[in-house]
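Morning, everyone. Please take a look at the structure on the screen before we walk through it.

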Amino acid sequence: MEREGQIRIPSGCAIAAVISREGRRMSGEKIVRAMKPMHERSNGLGGGFAAYGIYPEYKELYALHLFFDSRATRKECEAFLKEYFEVAKSENIPTRKIPTITDEPIIWRYFVAPLPSVLANLQLDERELVARIVMRINAQMKGAYVFSSGKNMGTFKAVGYPEDVGVFYRLEEYRGYCWTAHGRYPTNTPGWWGGAHPFTLLDYSVVHNGEISSYDANRRFIEMFGYKCTLQTDTEVITYIMDYLLRVQGLTLEEAAHVVAAPFWSTIAAEPDPARKEELTYLRTVFPSLLVTGPFSIVLGFDGGLMALNDRLKLRSMVVAEKEDRVYVASEEAAIRTMEPEVEHVWAPAGGEPVIVQVKGGER
Amino acid sequence: MQIIAEGLEHRAINEIIRSGEGPFTIEGCLGQRFIAAGMSDCDITINGVSGNALGAYLNGATITVRGNAQDAVGDTMNEGRIIVHGSIGDAAGYAMRGGSILVEGDAGYRAGIHMKAYEDKAPLLVIGGCAGSFLGEYQAGGTIIVLDLAERASDRPRRIVGNFPCTGMHGGRMFLRADCRGIVFPDQVTARVIDDFEREELRVLLAEFCEVFAYDVDEVLSVPFTVVAPDSANLYRQMYVTN
C-alpha cells in the first residue's frame with residue numbers, strides 16, 4: 001500500500017474537545033461518544049484522541065507513543081532511544097481486539113527522561129532534544145513513527161472511525177483534564193495510522209478539520225527550522241508552526257492565532273485600537289509565510305489548556321459551549337450535547353478569533 | 001405522530017415521515033442531518049438540535065425547530081417554511097429560491113449566500129438576532145432581514161452583522177434594523193435609510209415572524225432600518241470579461 005508522502009488523493013472531518021478549567025479529570029468515555037453524531041463527517045480512514053493529565057504517576061517523564069512495523073524495527077529504535085534517554089518504563093499500549101480495527105502496527109509506549117550527560121554535551125534544553133529525536137525517528141527510521149511525545153499526556157490514533165478507535169484503545173480507562181478528538185475523512189492522502197489526527201510534537205497536539213491551501217508555502221518556511229514534514233498532511237505542518245511560534249519564538253497563544261489566521265489588511269486598517277492595529281501589522285509582517293489560508297477549524301491542545309481557532313474566513317464550522325468548569329468545542333453542537341445535554345452559552349466564534357482555555361494554576 | 005430520534009439515523013427518520021401520517025414531532029433530535037429534505041405537504045416539529053442541511057431542497061413542508069439548528073438550513077429550498085426557536089449555524093438559506101426561514105436567534109457566517117428569486121418565487125430569510133460575516137454573499141434575489149432584537153440574544157459583544165456583508169451581491173434586498181454606521185459595504189451596493197413605502201413593505205414581510213415569536217411589529221419597526229440593494233443591472237462590468 002502507498003503511504004502518506006507517496007500519493008496524494010484529492011476533507012471533511014470532525015473535531016471535538018472538552019477541558020475542565022478546574023483540572024478535574026474525566027474518563028475518555030464521553031469524548032468517544034461525542035463523535036457518534038458526527039459519524040458522517042468521517043469515512044473510517046482515521047480517528048484519534050489526545051488526552052492531557054493521564055499519566056500523573058510519570059508526569060516528570062516524556063511519554064513516547066510509537067508505531068512499529070516489525071519487532072526488529074522496535075529493537076532498533078529502542079537501542080537508539082537508549083543513547084539519549086533513560087527509559088523508566090516500556091510497554092505495549094493496551095488495546096482491545098475489535099472487528100472494526102484491523103491491521104494494527106506494533107503499538108508501544110516509553111516513559112523516558114533525557115540523559116543529563118547528553119543534554120550537557122549537546123547544550124540543548126530537554127524539550128529541544130526530545131523534539132529533535134522525534135524528528136529524527138519520523139524522518140529517518142523506516143517503519144517507526146512517534147505519534148506522541150509530551151509529558152503527562154498521550155495521543156491515541158488509528159485507521160477506523162473515531163468511536164471505534166476509542167474502544168480499541170480502551171480510552172474509558174484513562175482520566176484526563178482535557179481531551180481532544182478527531183474523525184478523519186482524508187482527501188489528499190491515503191489513510192495510514194500515522195496520518196490520523198491528532199498530530200503532535202512534545203505536548204502540542206492538533207486536531208484539524210479542513211484543507212489548507214498554503215501547505216507548501218508553510219512547509220517550505222517551517223522546514224528551514226529543522227522540522228520535517230514527512231506525511232504531506234496539512235495538520236502536521238500546523239503542529240510544527242504552533243511549536244515554532246509558541247515554544248521556539250515564545251509568542252503568546254493569541255499572537256500565534258493572529259499569525260496563522262491573520263486578519264485581512266483591510267480589517268487591520270479599520271481596527272480602531274492603535275495598539276492592536278500595530279500588533280496585528282507587526283505579526284503579519286514578521287511571519288507572512290506562516291499565514292495559513294484555506295478552510296480550517298483546529299483545536300490545539302497543550303500542557304494546561306487548549307486553543308480553538310477557525311480560519312479567518314470561517315470556512316469550517318465550530319461551536320463552543322460551557323457548563324460549570326467545563327468548556328466544550330466541536331464541529332457540531334450535537335456532539336457537544338452528546339457530552340453534556342444541558343450546556344450553557346453555546347456560541348460560534350468568529351473566524352480568526354481564538355478561544356483559549358487554561359486550567360487554573362497554569363501548567364500541570 | 002411522534003418519532004423518537006435516539007438511535008435513528010437520518011434515513012430512517014425521513015422514511016418514517018414519508019410513509020407516515022403527519023403532523024410529526026421528532027423528539028430528542030441530536031445532529032441527524034438532511035431531515036425533511038425535498039419534502040412537500042407535511043408539518044414537522046423537531047425538539048433538540050437538528051443536523052446539517054435541515055430542509056434541504058424543501059418543497060413546501062413546514063418545519064419548526066425547538067432548539068438550535070446547525071449548518072446549511074434550507075439549502076436550495078424551493079418552497080415551504082422553516083422556523084427556528086434558537087440560533088442557526090453557517091450558510092443558512094444557501095441558494096434558496098423560495099419559501100421562508102425565520103430564526104429567533106443568531107445566524108452564523110454566510111447566511112443567505114447565493115439566495116435567488118425565480119418568477120413568482122421570492123425567498124425570505126429573517127434573523128431575529130445578529131448575523132456573522134459575509135451575510136448575503138453573492139445574493140441574487142429575495143429578501144434578507146436582520147433585526148438584532150438584542151433582548152433575547154446572547155450576552156456576548158456583538159454587531160448586527162460581521163465583516164464583508166453583501167460581497168458580490170447583484171440582486172434582491174437586505175434590511176438591517178440599524179443605522180449601519182461603521183459597517184463597510186462593497187462599492188457595488190447602496191445602503192440607505194428606508195423610506196415610508198419600504199417600512200410598510202417590512203410590516204408585511206415581518207408579520208409572520210412577529211406572530212411566531214410574539215413581537216409587536218410596531219415596536220420592531222420603531223427604530224431606523226437600513227436597506228441595501230445592488231446599484232444597477234451590470235455591477236461587475238469588466239471585472240471578469242469585457243461585457
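Let's start in chain A. Strand 4 of chain A runs antiparallel to strand 6 (residues 106–114) of chain A, and seven bridges join them. Strands here are DSSP E runs of at least two residues, numbered from the N terminus, while helices are H or I runs of at least four. Two strands pair if DSSP finds at least two bridges between them.

A word on the source. This is a predicted model: local features need pLDDT of at least 70, side-chain atom pairs count only at pLDDT 80 or more, and totals for chains, interfaces and linings use all residues. Residues are numbered from 1 along each chain as its sequence is written, with chains lettered from A and ligands numbered from 1 in written order.

Back to the strand. Y62(A) has V112(A) as its bridge partner in strand 6 of chain A. Strand 4 of chain A also pairs with strand 7 (residues 144–148) of chain A, antiparallel, over four bridges. There, L66(A) partners V146(A).

Is strand 4 (residues 62–68) of chain A mostly covered or mostly open? Mostly covered: seven of its seven residues are buried. Buried means 20 or more other C-beta atoms within 10 Å of the residue's own, with C-beta atoms placed from the backbone; exposed means 12 or fewer, and partly exposed is in between. One side has Y62(A), L64(A), L66(A) and F68(A), the other A63(A), H65(A) and F67(A), and all are buried.

Last, the two chains. 19 residues of chain B contact 19 residues of chain A, contact being C-beta atoms, placed from the backbone, within 7 Å.

Key. Contact = placed C-beta atoms within 7 Å.
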